[in-house]
Amino acid sequence: MNLILFGPPAAGKGTQAKKLTAERGYVQLSTGDMLRAARKSGSELGARVAAIMDAGSLVSDEIVIELIEDALSAHKGAPGFIFDGFPRTVAQAEALDAMLAKHGQQIDRVVRLEVDSQQLMDRIAKRFAEEGRADDNPEAYKVRLDAYFAQTAPLVPYYEAQGKIRSVDGMADVSAVSASIASALA
Ligand code: AMP
């Protein structure tokens, strides 16, 4: 089972991906986590993406596609992949389909977590206060939301055309959202 957890930043994708990993052994592939790790390690890639990430913009398709390509090869034989924060553009989605096909696989489900804008803002303000992530500051978060609506939302018709999208109420509590995801994957 290969699935995409889809939704705006702060929709709860990371939380749900970690639960699915713990419960089913799927491998979580979060490009945001990979990029943050690259920055932490002081790599050349990390330095290249730091300012873009802090401003809330998307890094280039080439960079994230290469990260995913490497991760897929590194986890050959995994029982499933959870794509979290990837793909974020139609070009990334097309590249993902092609990469999976090379491994004899495909995306089976796209689970869309629906959360209204007010609740997203409330969550992000709380996370900024607790964790202090630079791109959670209100200005950068607005850029991230704008990027989501302009560049990522067009993936909804892309996956609808493939009949793979299931929508889930992302405003319920964490365990209720998990239960809805389990039904969406059944
Ligand atoms: P996230 O933790 O998924 O919200 O990602 C944090 C930041 O990393 C984003 O705001 C982007 O700057 C960058 N990023 C993560 N995933 C992608 C992606 N698939 N495409 C482009 N940029 C990404």
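The model is predicted. Elsewhere, helix α1 and helix α9 cross at roughly 65°, while a cis peptide bond joins Phe-86 and Pro-87.

**Ligand surroundings**

- Ser-57 places a backbone N or O atom 2.5 Å from an oxygen atom of the ligand, whereas Gly-85 has a backbone N or O atom 2.9 Å from a nitrogen atom of the ligand.
- Arg-88 contributes through its side chain, a polar atom of which lies 3.0 Å from an oxygen atom of the ligand.

**Helices α1 and α9**

- The axes of α1, which spans residues 13-24, and α9, which spans residues 174-185, come within 11 Å of each other, and the crossing of α1 past α9 is right-handed.
- On the α1 side the contact is made by Thr-15, Gln-16, Lys-19, Leu-20 and Arg-24, and on the α9 side by Val-174, Val-177, Ser-178, Ile-181, Ala-182 and Leu-185.
- Sorted by class, the contact of α1 with α9 comprises six nonpolar, three polar and two charged residues.

**Backbone features**

- Most residues other than glycine have a negative phi, and most peptide bonds are trans.
- Ala-10, although it is not a glycine, has a positive phi of about 80°, and this residue is found in the loop between β1 (2-6) and α1.
- The peptide bond between Phe-86 and Pro-87 is cis, with omega about -5°, and Pro-87 lies in the loop between β3 (81-84) and α5 (90-102).

How values were computed:
Residues numbered from 1 in each chain as written. Predicted model: local features only at pLDDT ≥ 70, side-chain atom pairs only at ≥ 80, totals over all residues. Heavy atoms only, no water. Axes fitted to C-alpha atoms, helices over the stretch in contact; angles between N-to-C directions. Helix = DSSP H or I, 4+ residues; strand = E, 2+ residues; numbered from the N terminus. Left-handed = near helix turned anticlockwise from the far one by under 90°. Contact = heavy atoms within 4.5 Å. Nonpolar A, V, L, I, M, F, W, Y, C, P; charged D, E, K, R; others polar. Polar contact = N/O pair within 3.5 Å; in protein donor to acceptor, adjacent residues only side chain to side chain.
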